[in-house]
Amino acid sequence: MAQGIPSELLMNNTLISDLAEVAKDAALLHGVLLRIKESPNSSEVVTYAPFTLFPTPVPKALFLQAMAVQTHYNTLMDKISQDPDFLQEALASTISVDEFTARLYRIHQQVLKKGRSQSIVLGLNRSDYMLDQKEDGPTSLKQIEINTFAASFGGLSSRMPDVHRHILKVAGQLKARQCITDNDPAVGLAKAVAKAWELYGSKRAVVMFLVEEKQRNILDQRYIENELWKRNIVTIRKSFEDVSKSGELDDNKRLFVDCQEVAVVYFRNGYMPQNYKSEQDWETRLMMEFSMAVKCPDISTHLAGTKKVQQVLAQPGVVERFFPNQPQVVEQIRATFAGLYTLDMGAEGDKSVAMALATPDRFVLKPQREGGGNNIYGQEICEVLNKVKNSAERTAYILMDKIQPVPTQNYLLRREMPLKVSTCLSELGCFGAYVRQGKDMVMNDCVGHLLRTKNSEHLDGGVAAGVAVLDSPLLF
Ligand code: ADP
Ligand code: MG
């Protein structure tokens with residue numbers, strides 16, 4: 001870790017175990033908190049959200065590149081969401097075999113048929129990257145995916161700079177301490193929600209967080225709620241079941257839940273098939289999509305964030321279609337693309353299959369799922385592809401180059417985990433927030449970042465999946 005923490009410190013067991021105790025208390029004091037798995041719906045006993053003992057070096061130029069391209073990604077997601085022909089073409093093969101995406105797509109079609117009832121669009125997303133280190137080549141920023149639905153950790157990551165600054169001070173690493181940059185996505189995300197609420201134009205209306213039954217990560221969301229309360233905007237938290245029981249549309253398609261008018265539905269649940277426990281939950285999603293409430297995301301922005309769309313964007317001429325006279329913007333976006341390959345039926349898809357079977361370790365096979373733990377790697381790619389390669393089933397997946405970041409050494413602090421040095425890989429996320437009313441973009445910002453780090457033994461998985469932990473970039 002040439003630019004980071006000296007190896008003498010990393011290997012000094014006594015110092016490290018003292019420092020880990022200091023670090024955990026700092027996380028608690030600063031509010032980097034998670035409910036425990038034994039009682040996900042109670043704040044009586046909580047723990048620190050898992051995090052790294054030390055921040056991880058990230059080249060400043062690449063960090064700034066990610067921050068700079070974010071507003072263009074916001075625009076891109078928004079434009080895709082407004083282009084039904086593109087979505088239809090891009091998702092045609094996927095929805096013929098993937099029931100979940102097909103279901104979402106049907107909602108999108110139903111909304112289009114009835115006509116969108118709200119012209120205010122609120123987008124909160126997070127574009128995730130790894131730093132690819134090709135043999136002998138320069139390190140480059142490569143997008144892993146963009147999350148347009150329920151991108152989390154904007155709250156807890158707001159507290160990480162202070163935690164790591166404190167740890168570095170206690171560790172006597174004052175120079176490194178200077179390299180931790182401020183971060184406050186919660187404020188920026190809430191600002192966009194507040195703007196959408198204001199444009200909706202009813203002082204009595206509330207912002208509804210559509211949440212899971214099990215709410216371990218509630219404290220992350222509370223940061224955003226609290227920012228809204230500071231602006232005197234009332235927030236409520238409801239599950240699909242709550243809304244199905246007490247939600248209704250009035251004659252003007254205004255959404256009322258428990259007799260409260262809802263200006264904004266902020267989905268923090270609903271991105272996985274298992275989030276829809278019954279037909280009733282699907283009906284409830286449809287009702288919200290039909291409503292006048294501003295949806296974050298609306299169904300078409302949800303679809304714009306699918307992995308299939310990401311793969312289609314990487315094909316020649318596709319990003320260009322959305323930025324017809326802006327070659328520099330196209331170039332900025334394209335520079336962050338890793339190799340992405342179609343598995344659609346036909347010669348091009350056959351080529352992707354052959355390539356993956358020949359060198360599976362160079363690729364990741366991804367189904368249309370979110371939330372970690374779904375991707376396929378190594379030999380398993382061959383097993384899966386050999387089963388599906390001759391049928392349309394293969395189009396449920398996309399193929400992507402595997403990014404090879406430079407590993408770092410760090411300690412991952414997680415409740416009840418032994419303290420030991422780990423070889424780690426990191427993923428940088430940038431939070432985007434935008435609000436559009438009709439044709440006018442009224443806000444389009446990059447509002448902060450998230451660094452997550454995992455043990456390199458794990459190929460897949462985020463913080464919620466119990467694999468990655470929160471981190472801070474040490475810019476050099
Ligand atoms: P999810 O929607 O499940 O978060 P991702 O595409 O973000 O799906 O993949 C999950 C994890 O798998 C990432 O956080 C990353 O650790 C790993 N991963 C995904 N794509 C790649 C890739 N192309 N190269 C290396 N690792 C990857
Ligand atoms: Mg991800």
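Visitor: Which helix holds both Asp 162 and Arg 165, about one turn apart?

Guide: This is a predicted model, in which local features need pLDDT of at least 70, side-chain atom pairs count only at pLDDT 80 or more, and totals for chains, interfaces and linings use all residues, while side-chain values use heavy atoms, with hydrogens and water left out. Residues are numbered from 1 along each chain as its sequence is written, and chains are lettered from A and ligands numbered from 1 in the order in which they are written. Helices (DSSP runs of H or I, at least four residues) and strands (runs of E, at least two) are numbered from the N terminus. Asp 162 and Arg 165 are three residues apart, and both lie in helix H6.

Visitor: At what N to O distance do the side chains of Asp 162 and Arg 165 meet?

Guide: A salt bridge here is a side-chain nitrogen of Lys or Arg within 4 Å of a carboxyl oxygen of Asp or Glu, and a search of the whole structure finds 30 of them. The side chains of Asp 162 and Arg 165 form one such salt bridge, with an N to O distance of 3.4 Å.

Visitor: How far apart are the C-alpha centres of domain 1 and domain 2?

Guide: The domain bounds come from an automatic or database domain assignment, which gives domain 1 as 7–338 + 403–475 and domain 2 as 340–402. Counting contact as heavy atoms within 4.5 Å, 30 residues of domain 1 touch 25 residues of domain 2. The C-alpha centres of the two domains are separated by 26 Å.

Visitor: Which residue places a polar backbone atom 2.9 Å from a nitrogen atom of ligand 1?

Guide: Taking residues with a heavy atom within 4 Å, ligand 1 has 21 around it, of which Lys 307, Lys 366, Gly 372, Glu 427 and Lys 454 come nearest. An oxygen atom of ligand 1 lies 2.6 Å from a backbone N or O atom of Gly 372, and an oxygen atom of the ligand is 2.9 Å from a side-chain N or O atom of Asn 375. The nitrogen atom of ligand 1 is approached by a polar backbone atom of Asp 401.

Notes
Polar contact = N/O pair within 3.5 Å; in protein donor to acceptor, adjacent residues only side chain to side chain.
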